[in-house]
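Here's a quick briefing to read with the picture open. Take it one topic at a time and find each spot as you go.

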Amino acid sequence: QVQVVESGGGLVQPGGSLTLSCAVTGFTHGVTLVGWFRQAPGKEREEISCFSDGDIYLSTSVKGRFTTSKNNAKNTVDLQMNDLKPEDTGVYYCGARQRPPRTCEYYRVLDYWGNGTLVTVSS
């Protein structure tokens, strides 16, 4: 049974930093593609990033402030957020793609999702 669990959300001041982690378990051969999305109050879900065995995609809204990478010690894919702004507030979701091709070009269609973690950016 595949499970996806996000962690690391919380309250942070504008300009601050926060790192979210996505743990995916249940894949026999591991996970090669993990994507991050977010949904702000009253808005549609927005794409954030994709990590696929070193291939990285970052949306225009977060490029230069956010990065995503594999944490080998924790076996997670992390979303490192810097220079946070109030408009970054929302529920952040991660998901994993099992179906091929597992490249970031196709990351918008994922097979498994976590329940989200709340990030609030406010002074």
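Pro 101 sits in the loop between strand 9 (90–96) and strand 10 (112–113); strands here are DSSP runs of E, at least two residues long, and helices are runs of H or I with at least four, numbered from the N terminus. The peptide bond between Pro 100 and Pro 101 is cis, with omega at about -5°. This is a predicted model, so local features need pLDDT of at least 70 and side-chain atom pairs count only at pLDDT 80 or more, while totals for chains, interfaces and linings use all residues. Residues are numbered from 1 along each chain as its sequence is written, and side-chain values use heavy atoms, with hydrogens and water left out.

- Most residues other than glycine have a negative phi, and most peptide bonds are trans.
- Asn 75 isn't a glycine, yet its phi is positive at about 55°; you'll find Asn 75 in the loop between strand 7 and strand 8 (76–81).
- Asp 83 isn't a glycine either, and its phi is positive at about 50°.
- Look for Asp 83 in the loop between strand 8 and strand 9.
- Asp 83 counts as partly exposed because its relative accessibility is 39% (buried is under 20% relative accessible area, exposed is over 50%, and partly exposed is in between, using a 1.4 Å probe and protein chains only).

- Strand 5 (residues 46–52) and strand 6 (residues 55–58) pair in the antiparallel sense over four bridges; to count as paired, two strands need at least two bridges found by DSSP.
- Ser 52 has Asp 55 in strand 6 as its bridge partner.

**A buried arginine**

- Is Arg 65 buried or exposed? Arg 65 is buried, because its relative accessible area is 12%.
- Arg 65 belongs to the loop between strand 6 and strand 7 (66–71).
- Leaving out residues up to four places away in sequence, the contacts of Arg 65 (heavy atoms within 4.5 Å) include Gln 80, Asp 83 and Asp 88.

**Nonpolar cores**

- A nonpolar core is a set of buried Ala, Val, Leu, Ile, Met, Phe, Trp, Tyr and Cys residues joined through side-chain atoms within 4.5 Å.
- The largest one has 24 residues, and those with the most contacts inside it include Leu 20, Trp 36, Phe 66 and Tyr 92.
- Strand 3 gives the most to this core, with four residues.
- There's also a second, separate core of six residues, with Leu 33, Cys 50, Cys 104 and Tyr 107 among them.

**Disulfides**

- A disulfide is a covalent bond between the sulfur atoms of two cysteines.
- How many disulfides are there? The count comes to two, taking a pair of cysteine sulfur atoms within 2.5 Å as a disulfide.
- The S-S torsion of Cys 22 and Cys 94 is about 75°, so their disulfide is right-handed.
- Cys 50 and Cys 104 are joined by a disulfide too, S to S 2.2 Å, and their link is left-handed, with -90° about the S-S bond.
- Cys 50 lies in strand 5 and Cys 104 in the loop between strand 9 and strand 10, so this pair ties together parts 54 residues apart in sequence.
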